[in-house]
Amino acid sequence: MTGARGIALLLVAVLVVAGCGEQEPSAGVVPLTTTPKATTPTPAPPPSSPTPSSTPTPVGTPNGRPGASHNSNLMPIVDHGPRDQKRVALTFDADLTAVMRKRLLSGKVKSYYNTALIQELRALQVPATMFLTGMWMEEYPEVTRELAADPLFELGTHTYDHRAFTKHCYTLGTVPRAEMLADVQKAVKQLDALDPQATRWFRFPGGCYDGTALHELAPAGVTAVGLDVPGADGFAKSPKPIIKQVLSHVQNGSVVVLHMHGGDNAPYTDEALTPIVKELRARGFQLVTVTQLMSGNR
């Protein structure tokens with residue numbers, strides 16, 4: 001990727017996962033024709049591996065874990081729910097990297113928990129699926145338990161410390177191949193200790209993955225949930241671009257990706273939430289969790 005076209009595509013790609021890295025991107029509406037998966041090289045799986053399925057292993061499992069997978073070769077992936085049903089899942093990532101933790105512990109950032117956002121979700125009675133990093137759960141164990149106990153919400157994992165599973169994934173570091181499975185399993189174990197009803201839904205940091213990552217993570221028994229409508233709330237200067245981004249691209253079955261850590265990375269998500277929810281409902285969309293959305297695929 002070289003020249004003016006390459007630079008333009010790179011800027012678009014950075015915007016897609018605004019809030020996932022350490023650097024502040026430019027503002028604007030994110031075109032959905034370019035996604036992290038498209039801008040990240042995706043090597044083919046090992047020759048003996050089947051193509052990853054667009055739907056997970058059936059949601060109902062012996063231990064009742066939504067998103068649980070029994071695929072021992074490749075992690076399954078879902079990007080959206082059925083397009084023939086007027087339902088949308090709002091999802092919120094709780095990122096926490098080593099750099100963010102340093103800012104938190106030094107007092108430069110007061111909190112990486114957007115309390116106002118959660119209050120708005122509850123006031124509006126909006127079901128939501130939250131993807132938590134293990135490091136975030138370590139900082140906010142009681143909050144995690146509180147969210148787990150709320151029937152509006154369901155919790156999934158977002159790796160331990162928000163490093164990427166491919167090289168050159170924006171400003172994120174990279175998990176070595178030998179550590180990939182242990183990283184994801186660590187976060188799953190942390191969540192299970194705090195939430196007895198935890199799902200097996202999982203999200204890749206930055207939305208970046210390749211055949212190697214899918215193969216290495218298959219034994220984790222989780223299903224990846226992708227980036228259907230990135231909300232572009234990271235480093236936004238006001239709620240307006242977030243609202244425009246979501247409402248311009250949402251459609252039947254969409255999975256909207258926003259952030260719940262607030263702080264200096266995603267400071268306006270809570271202010272954008274109410275206008276987004278009211279307009280989605282005015283358009284006739286039913287707001288559901290990822291599990292409810294994907295139940296239509298069974």
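Predicted model: local features only at pLDDT ≥ 70, side-chain atom pairs only at ≥ 80, totals over all residues.
**Briefing: a helix pair, an enclosed strand and a disulfide**

Helix 9 and helix 10 cross in the right-handed sense.

**Helix 9 and helix 10**
- Helix 9, covering residues 240-249, packs against helix 10, covering residues 269-282, at an angle of about 35°, and their axes lie 9 Å apart.
- On the helix 9 side the contact is made by I242, I243, V246 and L247, which meet T269, A272, P275, I276, E279 and L280 of helix 10.
- Sorted by class, this contact of helix 9 with helix 10 comprises eight nonpolar residues, one polar and one charged.

**Strand 4 and its partner**
- Strand 4 (residues 153-157) is largely enclosed by the rest of the structure, because five of its five residues are buried.
- F153, L155 and T157 point one way from strand 4, whereas E154 and G156 point the other way, and all are buried.
- Strand 3, residues 128-132, pairs with strand 4 in the parallel sense over five bridges, and L132 stands opposite T157 of strand 4.

- C169 lies in the loop between strand 4 and helix 7 (180-194), while C208 lies in the loop between strand 5 (201-202) and helix 8 (211-217), so the pair ties together parts that are 39 residues apart in sequence.
- The link of C169 and C208 is right-handed, with 80° about the S-S bond, and both cysteines, C169 and C208, are buried.

Conventions
Residues numbered from 1 in each chain as written. Heavy atoms only, no water. Buried < 20%, exposed > 50% of the residue type's maximum accessible area, 1.4 Å probe, protein only. Helix = DSSP H or I, 4+ residues; strand = E, 2+ residues; numbered from the N terminus. Pairing = 2+ DSSP bridges. Disulfide = S-S within 2.5 Å. Axes fitted to C-alpha atoms, helices over the stretch in contact; angles between N-to-C directions. Left-handed = near helix turned anticlockwise from the far one by under 90°. Contact = heavy atoms within 4.5 Å. Nonpolar A, V, L, I, M, F, W, Y, C, P; charged D, E, K, R; others polar.
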